[in-house]
Amino acid sequence: MYDYDLLVVGSANADLVIGVERRPGPGETVLGSDLAVHPGGKGANQAVAAARLGARTALLAKVGDDGHGRLLLDAQRAAGVDTVGVLVGDVPTGVALITVDPSGDNSIVVSPGANGRLTPGDVRAANSLFHASRVVSVMLEIPLETVVEVVRSLTPDSRFVLNPSPPRPLPREVLDACDPLIVNEHEAKVILGAACVSDDPEDWARILLAKGPRSVVVTLGAKGALVASKEGVARVPSVAVDVVDTTGAGDAFTAALACRLGAGAPLAEAAAYAARVGAAAVTRAGAQESYPTAEEVAAL
C-alpha cells in the first residue's frame, strides 16, 4: 500500500507577475500592471494541482529561509500537500519573473536560487518517500545530476514521469525511465536536436519514443495532445475555453496525467483528463490559484 499517489521532485519559486500590453523587444522598456506575487515553480505547481484533484501528494524541494519560502510552504500546506520533503536552506528561494500579455501568453525568466541546491544527497536522504510513492514526477528546474539520482532511487513498481522543462539534452538513463516523457513543441525540438527532421508532431513522438522512453506525450496547446507508446500514436482533443492566463497550465496537465496513470488509467485516457484539467486552469489568472478541483473538472 502506497502512502502517496504522487511524489513531485522539483522546483518551488515565487512567481513575480506583471501584465503587459505587449512583451518588450531587445533594448525596449514597456509599462506594466502592478506587481503580483504568487506561489509557483514547476514542482510546487504540480504538487498543488495534484492535491487539488484529490491525490495524496508529497513534495521534495528546497526553499530559502525567507518570505518567499514561507509563502510557498503555506500554499503547499493549504492545498493538502505533505511538505515533509521540503528542505529549508540558507540561499534565497527561487524566483520566476513572468510577463503576461492580453492573450494570456507568457514569457518567463527563472532565477533558480535554492532549487539549484537540491542535490543527489538530498534525494538519497529522502529514500523513504520514494518507497511510499506510486508515481514520481520530475522537471528540469533542478540540477540534472539530481534528476539522475531520482531515476536511480525509483522502486521497481513506481512510475517515472518527466517534463523536461527547461529543455536540455538528456542522458539515456533518464530517457529509458520515462513513462511518459511529456514535452511541448519547443521541448521536443530541443531534445530531438539534429533528429528533428519533420514539422509533424506525430513524427516527433515516434522519434522520441525510439530514444528510449516507454511512452511519450506531446502537448499541442489548443490543439490538444498526442500520446505515443508501443501500441502506436493517438491524438487527444482539447477543450475549447476562453483563455485568461496560460501560466502553469502545463504543470496542471502533467500533474493530472500522473495522477490518472497512478490510478491505473490507460495513457490516452489519462491524457484526455489532463487536457481538461489544463483547459480549466487557463480560464483563471495565475498558476496555483487557477488549478481546479476534481468536481470542477467533471463540470467542464
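**Notebook: a predicted model**

I began with burial: buried residues make up 55% of the 300 residues in the protein. Buried means under 20% relative accessible area, exposed means over 50%, and partly exposed lies in between, with a 1.4 Å probe and protein chains only. I noted that this is a predicted model, where local features need pLDDT of at least 70 and side-chain atom pairs count only at pLDDT 80 or more, while totals for chains, interfaces and linings use all residues. Residues are numbered from 1 along each chain as its sequence is written, and side-chain values use heavy atoms, with hydrogens and water left out.

**Entry: the whole protein**

I looked up the secondary structure and found 11 helices and 13 strands. Both are DSSP runs numbered from the N terminus: helices are H or I with at least four residues, strands are E with at least two. The radius of gyration is 18 Å, close to the 19 Å from the globule rule for 300 residues, so the protein is as compact as a globular protein of that length. That radius is taken over C-alpha atoms, and the rule is 2.2 Å times the number of residues to the power 0.38. The C-alpha atoms fill a box of roughly 50 × 45 × 40 Å along the principal axes.

Next I checked contacts, meaning heavy atoms within 4.5 Å. Of the contacts with a separation of 6 or more, 65% are between residues 24 or more positions apart.

I traced an open sheet of four strands in the order 3-2-6-7, with mixed pairing. Strand 3 (36–40) and strand 7 (106–111) stand at the edges with a single partner strand each, so one side of each has no neighbour in the sheet. Neighbouring strands here are turned by 25° against each other on average, direction ignored. Axes are lines fitted to C-alpha atoms, for helices over the stretch in contact, and angles run from 0 to 180 degrees between N-to-C directions.

Strand 2 (residues 13–19) and strand 3 run antiparallel, joined by five bridges. Two strands pair if DSSP finds at least two bridges between them. Here D15 stands opposite H38 in strand 3. Helix 2 (residues 67–79) packs on this sheet and touches strand 2, strand 3 and strand 6 (94–100). The direction of helix 2 makes about 55° with that of strand 3.

**Entry: strand 10**

How many residues of strand 10 (residues 178–183) are buried? I counted six of its six. Strand 10 runs parallel to strand 9 (residues 159–163), with two bridges. L162 stands opposite L181 in strand 10. L181 also stands opposite V216 in strand 11. Three bridges join strand 10 to strand 11, again parallel.

**Entry: helix 5**

I then turned to helix 5 (residues 144–153). Eight of its 10 residues are buried, so the rest of the structure largely encloses helix 5. Among the buried ones are L144, V148 and E149. The buried residues pack against strand 1 (4–9), helix 3 (120–125), helix 4 (127–131), strand 8 (133–139), strand 9 and helix 6.

**Entry: K223**

Is K223 buried or exposed? At 66% relative accessibility, K223 counts as exposed. K223 lies in the loop between strand 11 (216–219) and strand 12 (225–229). Leaving aside neighbours within four places in sequence, K223 is in contact with R235, V236 and S238. K223 and V239 are 16 residues apart in sequence, and their C-alpha atoms are 8.7 Å apart in space.
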